[in-house]
Amino acid sequence: SGVRVQVPASTANLGPGFDTLGMALSLYSWIEMKPADTTVFHLYGDNLDGLPKDKSNLIYTVAQSVFAEAGVQIPELEISMCSDIPLTRGLGSSASAIVGALYAANALIGSPLPLARLLDMATALENHPDNVGASLYGGIITAVWDGTHAVILRIEPPQHLEVLVAIPEFQLSTSKAREALPKQVSLGDAVYNISHSSMLAAALAMGRLDLISAAMQDRLHQPYRASLVPGMMQILEEATQHGALGTALSGAGPTLLALVNAQSGQGEQLEAFLLKVLKSHDITARTLWLK
Ligand code: HSE
């Protein structure tokens with residue numbers, strides 16, 4: 001007998017909350033896991049092409065780390081996975097695989113490890129808690145991490161909040177997008193981000209959609225990543241004039257994300273604006289409406 005888990009994609013940062021804020025998105029991957037005589041993988045869908053089908057597979061190694069931690073031995077596994085989450089676009093595909101593997105492996109042995117322990121293990125693998133925290137806890141999350149332990153606060157997403165993503169055709173690795181960042185920032189920029197991130201978390205918690213555009217501004221990472229996603233700065237600066245509550249680079253990019261009031265009636269206009277700006281930079285993208 002095995003287990004099957006469904007894990008959401010996630011967007012990290014939400015603009016100012018670099019490595020801190022995250023939100024689960026209604027786009028999913030699924031993992032099935034059961035004990036087997038010999039280890040075998042079934043990977044379905046374009047998004048998983050090229051992933052290893054032997055014991056070097058991340059799902060397998062993560063599952064084994066759960067068993068080791070719990071003092072259980074299940075060396076051979078049958079693992080099935082399919083995913084609607086595009087790879088290396090800033091939608092947390094690797095975080096969802098890690099979280100799915102941890103959760104499925106733990107469930108397979110009767111869930112001896114608490115969620116908080118799974119969060120610490122997931123964060124250690126990703127090196128930041130924002131994507132894994134959102135995939136594991138759902139909703140909107142604000143996280144702190146001291147390098148060993150993460151603490152998460154889950155915020156119920158405001159009613160009427162919708163998410164529009166524009167997913168460029170090209171891939172951008174997180175490591176490349178992190179290399180673009182400076183090692184040091186000014187006190188002024190640090191204060192700028194603390195204040196905006198705090199305001200954004202509080203506004204989301206209180207359902208104050210009117211404060212999102214003022215809060216969703218960032219000086220820690222997006223300006224440095226702008227050259228990696230042509231058209232991004234124009235979208236960040238102008239999308240509120242086309243119906244967005246606020247916009248951000250989704251995680252390390254290249255996906256761009258807009259928060260939208262579902263009642264605004266401006267969704268189509270916004271979608272057209274995002275695609276037009278990207279197209280003017282020769283970038284083909286597809287849009288998705290998510291919750
Ligand atoms: N917070 C991370 C970053 C998310 O922006 O680099 C990417 O995985």
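This is a predicted model: local features need pLDDT of at least 70, side-chain atom pairs count only at pLDDT 80 or more; totals for chains, interfaces and linings use all residues.
1. Basis. Local features need pLDDT of at least 70 and side-chain atom pairs count only at pLDDT 80 or more, while totals for chains, interfaces and linings use all residues. Residues are numbered from 1 along each chain as its sequence is written.

2. Annotation. An unreviewed UniProt entry lists a "binding site" that includes Pro86, Arg89, Leu91, Ala95 and Ser96. Such annotations may be inferred rather than shown by experiment.

3. Arginine 89. This residue lies in the loop between β4 (77–83) and α2 (93–108); helices (H or I, at least four residues) and strands (E, at least two) are DSSP runs. Arginine 89 is buried because 24 C-beta neighbours lie inside 10 Å (buried: 20 or more other C-beta atoms within 10 Å, placed from the backbone). Leaving out residues up to four places away in sequence, arginine 89 touches Ile167, Gln171, Pro254 and Thr255 (contact: C-beta atoms within 7 Å).

4. Leucine 91. The loop between β4 and α2 also holds leucine 91, which is buried with 28 other C-beta atoms within 10 Å. Beyond residues up to four places away in sequence, its contacts include Ala9, Leu25, Ser250 and Thr255.

5. Helix pair. α2 and α4 (residues 129–137) pack at about 50 degrees, with axes 9 Å apart (axes are lines fitted to C-alpha atoms over the stretch in contact, and angles run from 0 to 180 degrees between N-to-C directions). That makes α2 oblique to α4 (under 35 degrees is roughly parallel, over 145 roughly antiparallel, 65 to 115 roughly perpendicular, the rest oblique). Ala95, Ser96, Ile98 and Val99 of α2 meet Asn131, Val132, Ser135 and Leu136 of α4.

Note on methods:
A residue is buried if 20 or more other C-beta atoms lie within 10 Å of its own, exposed if 12 or fewer, and partly exposed in between; C-beta atoms are placed from the backbone. Two residues are in contact if their C-beta atoms, placed from the backbone, lie within 7 Å.
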